[in-house]
Amino acid sequence: FAMSAGGGTNLFLVSKSGGAPKPLTTGPAISVSPSFSPNGRQIVFNSDRGGTPQIYAIDADGSNLRRLTFQGSYNASPRWSPRGEKIVYMCQTAGYQICLMNPDGSGLQQLTSAGRNEEPAWSPDGRHIVFTSARTGQREVFVMHADGSDQKRLTTNGRENYLPDWSP
């Protein structure tokens, strides 16, 4: 989880039984939106420690910090795929879009191009991605295949819709 303390917002790990949180990141930067790899050994997150929000990975014990994104001035909301072979995230290229990359930061693919697209989440089987988009004038929930094809709007309720996710 992310917690503001000591002049920054950092990532912490706490046991399901509670106890003292263990810091995984430190410093004055903002580190948020953690997502564990399926094997539990790594965590991907976004941080402004380099000056702008970018995607980073760290081992689950807090070691081996590495920056994954170098393109775009604002990258956020990373989510590890269920099998661990891809990371989906919101990227700022030509506007806010949904992008994919390999866990080492290579293989960048932009999946969306219309409107402001954010908040991606994987389906449990890894075949689809749900996300929000303002391409209709207000924020709606959309779904697409993991390769970006067959994008469909799911909500039409006339309200702003946020933070979609999948049931197991």
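Glu-85 is partly exposed, with a relative accessible area of 33%; partly exposed sits between buried (under 20% relative accessible area) and exposed (over 50%), using a 1.4 Å probe and protein chains only. Its partner is Arg-83: the two side chains meet in a salt bridge, 3.5 Å from N to O. A salt bridge here is a side-chain nitrogen of Lys or Arg within 4 Å of a carboxyl oxygen of Asp or Glu. Arg-83 counts as exposed, at 66% relative accessibility.

A word on the model: it is predicted, so local features need pLDDT of at least 70 and side-chain atom pairs count only at pLDDT 80 or more, while totals for chains, interfaces and linings use all residues. Residues are numbered from 1 along each chain as its sequence is written, and side-chain values use heavy atoms, leaving out hydrogens and water.

Strands are DSSP runs (E, at least two residues), numbered from the N terminus. Both Arg-139 and Glu-118 are buried.

Glu-119 is in strand E12, so here the tied parts are 20 residues apart in sequence. Glu-119 is buried, as is Arg-139. Through shared partners, salt bridges join Arg-116, Glu-118, Glu-119 and Arg-139 into one network.

**The largest pocket**

Glu-119 turns up again in the lining of the largest pocket, together with Ser-33, Pro-34, Ser-77, Pro-78, Arg-79, Pro-120, Leu-163, Pro-164 and Asp-165. On a 1 Å grid over the protein atoms alone, a pocket is an open set of points where a 1.4 Å probe fits, with protein on both sides within 12 Å along at least five of seven lines; lining residues have an atom within 4 Å of a point. About 150 Å³ of space lies in this pocket. Strands E4 (31–36), E8 (75–80) and E12 (117–122) each supply at least two lining residues, and E8 gives the most, with three. By type, the lining divides into five nonpolar, two polar and three charged residues.

**Surface patch and loop residues**

Phe-1, Met-3 and Val-14 form a nonpolar patch on the surface, with about 230 Å² of accessible area together. Patch residues have over 30% relative accessible area and no salt bridge, and nonpolar side chains are joined within 5 Å. Val-14 is found in strand E2 (residues 8–15).

Most residues other than glycine have a negative phi. Asn-64 has a positive phi, near 60°, and Asp-150 has one near 55°. Asn-64 is in the loop between strand E6 (54–59) and strand E7 (66–67), and Asp-150 in the loop between E14 and strand E15 (152–153).

Some partly exposed residues are gathered here:

| Residue | Relative accessible area |
|---|---|
| Val-14 | 36% |
| Ala-5 | 38% |
| Asn-64 | 44% |
| Asp-150 | 42% |

Ala-5 belongs to strand E1 (residues 2–5). Its C-alpha atom is separated by 33 Å from that of Ile-129, 124 residues apart along the chain.

Note on methods:
Points joined across faces, edges and corners; volume = space filled by probe spheres on them. Helix = DSSP H or I, 4+ residues; strand = E, 2+ residues; numbered from the N terminus. Nonpolar A, V, L, I, M, F, W, Y, C, P; charged D, E, K, R; others polar. Patch = residues over 30% accessible without salt bridge, like charges linked within 9 Å, V, L, I, M, F, W, Y side chains within 5 Å. Areas by Shrake-Rupley, 256 points an atom, 1.4 Å probe, with all protein chains shown as cover.
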